[in-house]
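Visitor: I have a protein model here and would like to walk through it with you. Could you take my questions one at a time?

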Amino acid sequence: MKSVFIAAFVGISSPDLIKRLASVTHEEGGKWLVSKINYLDTHISAVIKIEVPTAHKKAVQDYFASQDDLLVTFTDALETIIESQHTQLKVDAEDRAGIVNDISNILQKESVELIDMDSHRIGVPANGTSVFTATLSLKLPISANINDLAAEIEALSNDMVVTII
């Protein structure tokens, strides 16, 4: 029998950390089904969906948890069968306080799941302002209209430009 769980961790990265975690999973007969791994300076954060023989689940989890520089949590994966569509949006606007909150509120209102967001604030020294730019990976309900969603986000401000990728 197989077990599927989510391992989430944050902490200090090392050059061989991912290799060690993947090797132990493999040695125990498991595999990584989906992984999201991010680095910020010397820190790492990750969410990994792992399938492993049930008899080896504890060994894999114990190894992950034994890493000194990581805070690790585990959750059993839930089976979900929801029809959805995946898409990406690029958002560009003059930076202002609350922009991510406003976009998040629209996504929640429209039942859109934010899969990934890569955002940056870029200073514009010539006029003393900054620009907000983000790429959003989204999971939309099958009934959602991506053009309507893009227009709703653009309506947040006159300078907001949303491009469907």
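Visitor: In the hairpin of strand 6 and strand 7, which residue takes a positive phi?
Guide: Happy to start there, with the reminder that this is a predicted model. Strand 6 and strand 7 pair in the antiparallel sense over eleven bridges, and D116 stands opposite S137 in strand 7. The hairpin has four residues between the strands, and the residue with a positive phi, near 70°, is G128.

Visitor: Which residue in the turn between strand 2 and strand 3 has a positive phi?
Guide: Strand 2 (residues 31–40) runs antiparallel to strand 3, and nine bridges join them. Two residues lie between these strands in their hairpin. In that turn, the residue with a positive phi, about 55°, is D41.

Visitor: Which residue of strand 3 is the bridge partner of A8?
Guide: Strand 1 (residues 2–12) and strand 3 (residues 43–53) run antiparallel, joined by eleven bridges. K36 stands opposite V47 in strand 3. The bridge partner of A8 in strand 3 is likewise V47.

Visitor: How do the elements of the protein run from the N terminus on, and how many helices and strands are there?
Guide: The protein has four helices and eight strands. From the N terminus on, their order is β-α-β-β-α-β-β-α-β-β-α-β.

Visitor: Is the protein compact or spread out, and what is its radius of gyration?
Guide: Along the principal axes, the C-alpha atoms fill a box of roughly 55 × 40 × 20 Å. For 165 residues the globule rule gives 15 Å, and the protein is well over that, so it is more spread out than a compact globule. Its radius of gyration is 20 Å.

Visitor: Which element gives the most residues to the largest nonpolar core?
Guide: This core has 19 residues, and L89, V91, I103, L138, L149 and I153 touch the most other members. The elements that supply two or more residues are strand 5 (84–94), helix 3 (99–109), strand 7 (129–141) and helix 4 (146–154). With five residues, the element that gives the most is strand 7.

Visitor: Leaving aside neighbours within four places in sequence, with which residues is L138 in contact?
Guide: L138 is one of the residues that touch the most other members of the largest core. Leaving aside neighbours within four places in sequence, its contacts are Q85, H86, T87, L89, L107, V112, E113, L114, I115 and L149.

Visitor: Why are the buried residues of helix 3 on the same side, and what arc do they cover?
Guide: The buried residues in helix 3 are I99, I103, I106 and L107, and what covers them includes strand 5, strand 6 (113–124), strand 7 and helix 4. On the other side of helix 3, Q108 and K109 are exposed.

Visitor: What arc do the buried residues of helix 2 cover?
Guide: In helix 2 (residues 57–65), the buried residues are K57, V60, Q61 and F64. Among the elements that cover them are strand 1, helix 1 (17–27), strand 2, strand 3 and strand 4 (70–76). They lie on the same side of helix 2, because the arc they cover around the axis is only 95°.

Visitor: Is I99 buried or exposed?
Guide: I99 is found in helix 3. Leaving aside neighbours within four places in sequence, I99 is in contact with A93, E94, R121, F132 and M160. Its relative accessible area is 0%, and buried means under 20%, so I99 is buried.

Visitor: And is A97 buried or exposed?
Guide: A97 lies in the loop between strand 5 and helix 3. Its relative accessible area is 75%, and exposed means over 50%, so A97 is exposed.

Technical notes
Residues numbered from 1 in each chain as written. Predicted model: local features only at pLDDT ≥ 70, side-chain atom pairs only at ≥ 80, totals over all residues. Heavy atoms only, no water. Core = buried A, V, L, I, M, F, W, Y, C linked by side-chain atoms within 4.5 Å. Buried < 20%, exposed > 50% of the residue type's maximum accessible area, 1.4 Å probe, protein only. Contact = heavy atoms within 4.5 Å. Rg over C-alpha atoms; globule rule 2.2 N^0.38 Å. Pairing = 2+ DSSP bridges. Arc of directions from axis to C-beta.
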